[in-house]
Amino acid sequence: MPIAKLKPKMTAPREEIVIARQMHRALVLHFMEGLTQAQIAGQLGISQATVNRLIKRGRQLGLVEIKIKSPVEPLVDMEERLLALGGISRAIVVPTVSGNPQTALQAVGEAAARLLMEEIGDGDTICITGGKGVSAVVTGLQPPRRFDVEVIPATGCVQGKHYTDVNHVSTLMADRLGGRSYQIHAPLFADDAEQRAMLINMRSVADVFKRAREAKVAVVGIGSILTDDSSYYDLHPSSSTDRVAIERSGASCELLAHLLDDQGRVCDYSLNRSLVSLTLPEFASIPMKIGVASGPNKAGPILSVLRGKHLDTLVTDEATGARILEIVSEGGVSA
């Protein structure tokens, strides 16, 4: 007598359709309408365990595709492209909400101020330069509490315009944060290299720079050189009449008042040798170095600083970031 072979149990086509409809409905209710599995079970008249299996199976079959559209997605993409250029480990790009340069710089300053408050704690030391960018950071500070911090100049002082006076900017930042500032009693430029060495070794000046070298965070501006609105020419009386020599030196940007070429190297220029400031190797030893700059005219200088690997973090705006990427794609070096 032949032995009948048992056929494997198959799901009837009609039953498959029922299950598929249940799965679809469960996925819609869960992912689009936000219902819990218990609520779905009650609505579909099935057990919660069955709902769990339907959702799990639906995801395994690739029926669920979650896509998040964010208004900051273009900014995140730009940040990643700036990081890919090298030279920094973090980029923060804010929307360019206005064609007014001051408004754009204000937004960048506020973003850098928020970052600074996330990074500092009581007992920390912040090292800063003067400049419009760092002044914008100070204006953007809205600390949730008082921070027991020290704010230290990274360069000598230039009196005159409020943003060129690093002592003034340092005092304002310390007041905003609830900390204390140190003043530097030395000019940004000495008469020559010999006088620079004498100033650097003065006890009061040496103490300030020692504290600056030991800072946890530095906040610095990135200066343009080859544009008429460059603030570098506010720093030294002779620099504006010495533009031919500056251009001949290959300078494309300024960092801590050092003139740098398009690869971020210190230029062979007389004022660089008389500069009363942290040296760039000393600056490099600070654990976190935040550069703040805004404006298409800053794109070339920013790129030079990135190539020199002088910063950890760049804070800028969308229009400036776009210009940096354009320069790279064109194979250029300046704005």
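**View 1. H310 sits in a loop of this predicted model.** The loop with H310 runs between helix α13 (299-307) and strand β10 (313-317). Helices (H or I, at least four residues) and strands (E, at least two) are DSSP runs, numbered from the N terminus. Is H310 buried or exposed? H310 is buried, because its relative accessible area is 12%. Buried means under 20% relative accessible area, exposed over 50%, and partly exposed in between (1.4 Å probe, protein chains only). The side chain of H310 reaches the backbone oxygen of G264 at 2.7 Å. Setting aside neighbours within four places in sequence, H310 is in contact with L255, L260, G264, L280, F283, K289 and V305. Contact means heavy atoms within 4.5 Å.

**View 2. A284 lies in helix α12.** Helix α12 spans residues 280-284. A284 counts as partly exposed, because its relative accessibility is 47%. Which residue is 27 residues apart from A284 in sequence and 7.9 Å apart in space? That residue is L311, with the distance taken C-alpha to C-alpha.

**View 3. Helix α8 packs with helix α9.** Helix α8 covers residues 193-201, and helix α9 covers residues 203-213. Two packed helices are described by the angle between their axes and the distance between the axes. Here the angle is about 75 degrees, and the axes are 5 Å apart. Therefore α8 is roughly perpendicular to α9. Axes are lines fitted to C-alpha atoms, for helices over the stretch in contact, and angles run from 0 to 180 degrees between N-to-C directions. Angles under 35 degrees count as roughly parallel, over 145 as roughly antiparallel, 65 to 115 as roughly perpendicular and the rest as oblique. From α8, L199, I200 and N201 meet R203, V205, A206 and F209 of α9. The residues of this contact divide into five nonpolar, one polar and one charged. Ala, Val, Leu, Ile, Met, Phe, Trp, Tyr, Cys and Pro count as nonpolar; Asp, Glu, Lys and Arg as charged; the others, Gly among them, as polar.

**View 4. Residues 24-60 carry a UniProt domain annotation.** The unreviewed entry lists "domain: RNA polymerase sigma factor 70 region 4 type" there. Over residues 24-60 the chain is 81% helix and 0% strand. The end C-alpha atoms of this stretch are 13 Å apart.

**Notes.** Residues are numbered from 1 along each chain as its sequence is written, and side-chain values use heavy atoms, with hydrogens and water left out. In this predicted model, local features need pLDDT of at least 70, side-chain atom pairs count only at pLDDT 80 or more, and totals for chains, interfaces and linings use all residues.

Technical notes. UniProt positions renumbered as here; feature names shortened; annotations may be inferred. Polar contact = N/O pair within 3.5 Å; in protein donor to acceptor, adjacent residues only side chain to side chain.
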